Amino acid sequence: PVPIDNIVGLVRGSDPALAGEYMVLGAHYDHIGVDGWGRVGCGADDNGSGSSGLIELAEAFALAKPARSVLFAWFSAEEDGLLGSAEFCENPPVPMSAIVAMLNVDMIGRCAEDEVYVVGTNANPEFEDVLKEAKKLKPTGLKKVHTDKAQDLWERSDQYNFDQKNVP
């Protein structure tokens, strides 16, 4: 056992009416390492890619000055049972009632460069509408957004603990 911490950063919202609401953008920074048979897990994708992507998002949001506040959370011990996000949800840095949504960034290096898998639309059907609106924004180069695959991963990553607290 090694004590490890979550890492959390904040970009305060620019709209006084919405600054007290928080969006959580998260990624886990651990990986499975080497298993009992000597096989090395692909930590660069799971989840070095998500952790690095989250740094880029934090920089972009800091420049964009979002209306709502954004918490950027790098969770520990996702691979050991979602322990870091469970701790965050039990002892959040802001009231849980002020967290309006959570978006988890996990394994973003997995797909082809012009596709992405979005898991969670089964649990949060309104997210389909958010994705449709996002597609109208500045072109991203994405050709495929899969929302019908990999749903078996829903309970296996950090967004699940937020879902259990009724945070979409």
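What follows is a walk through selected sites of a predicted model. Residues are numbered from 1 along each chain as its sequence is written, and side-chain values use heavy atoms, with hydrogens and water left out. Local features need pLDDT of at least 70, side-chain atom pairs count only at pLDDT 80 or more, and totals for chains, interfaces and linings use all residues.

Start with helix H1, residues 44–64. Helices here are DSSP runs of H or I with at least four residues, strands are runs of E with at least two, and both are numbered from the N terminus. Asp45 lies in H1. Asp45 counts as buried because its relative accessibility is 9%. Buried means under 20% relative accessible area, exposed means over 50%, and partly exposed is in between, with a 1.4 Å probe and protein chains only. The Asp45 side chain reaches the backbone nitrogen of Gly109 at 3.0 Å. The side chain of Asp45 also makes a polar contact with the side chain of Arg110, at 2.8 Å. A polar contact is a pair of N or O atoms within 3.5 Å; within protein, one must be able to donate a hydrogen and the other to accept it, and residues adjacent in sequence count only if both atoms are side-chain atoms. Leaving out residues up to four places away in sequence, Asp45 touches Gly50, Met107, Ile108, Gly109 and Arg110. Contact here means heavy atoms within 4.5 Å.

The peptide bond from Asp46 to Asn47 is cis, with omega near 20°. Asn47 has its place in helix H1.

Next comes the loop between H1 and E3, where Lys65 sits. Lys65 is exposed because its relative accessible area is 56%. Between Lys65 and Val130 there are 65 residues in sequence and 20 Å in space, C-alpha to C-alpha.

Strand E3 contains Val70. Val70 is buried, since its relative accessible area is 3%. With residues up to four places away in sequence set aside, Val70 touches Gly9, Leu10, Val11, Met23, Leu25 and Phe61. Thr140 is 70 residues from Val70 in sequence, and the two are 22 Å apart in space, C-alpha to C-alpha.

Now the aromatic rings. A pair of aromatic rings is described by the distance of the centres and the angle of the planes. Rings of Phe, Tyr and Trp (its six-membered ring) pair if their centres lie within 6.5 Å; planes under 30 degrees apart count as stacked, over 60 as edge-to-face and the rest as tilted. By this rule the count is 4 aromatic pairs. Phe75 and Phe162 have ring centres 6.0 Å apart and planes at 55°, so the pair is tilted. This pair links distant parts of the chain: Phe75 is in strand E3 (residues 69–75) and Phe162 is in helix H4 (residues 159–163), 87 residues apart. Phe75 counts as buried because its relative accessibility is 0%. Phe162 is buried too, with a relative accessible area of 0%. Ring pairs link Phe75, Phe88 and Phe162 into a cluster.

Which residues does Ser85 touch, not counting residues up to four places away in sequence? They are Phe75, Ser76, Asp158, Asn161 and Phe162. Two of these names, Phe75 and Phe162, belong to the ring cluster. Ser85 lies in helix H2. Ser85 is buried because its relative accessible area is 0%. The side chains of Ser85 and Asp158 are joined by a polar contact of 2.7 Å.

The loop between E3 and helix H2 (83–90) holds Ala77. Ala77 is not a glycine, yet it has a positive phi of about 55°. Ala77 counts as buried because its relative accessibility is 8%.

Finish in the segment after H4, where Asn166 has its place. Asn166 has a positive phi of about 65° although it is not a glycine. Asn166 counts as exposed because its relative accessibility is 69%.
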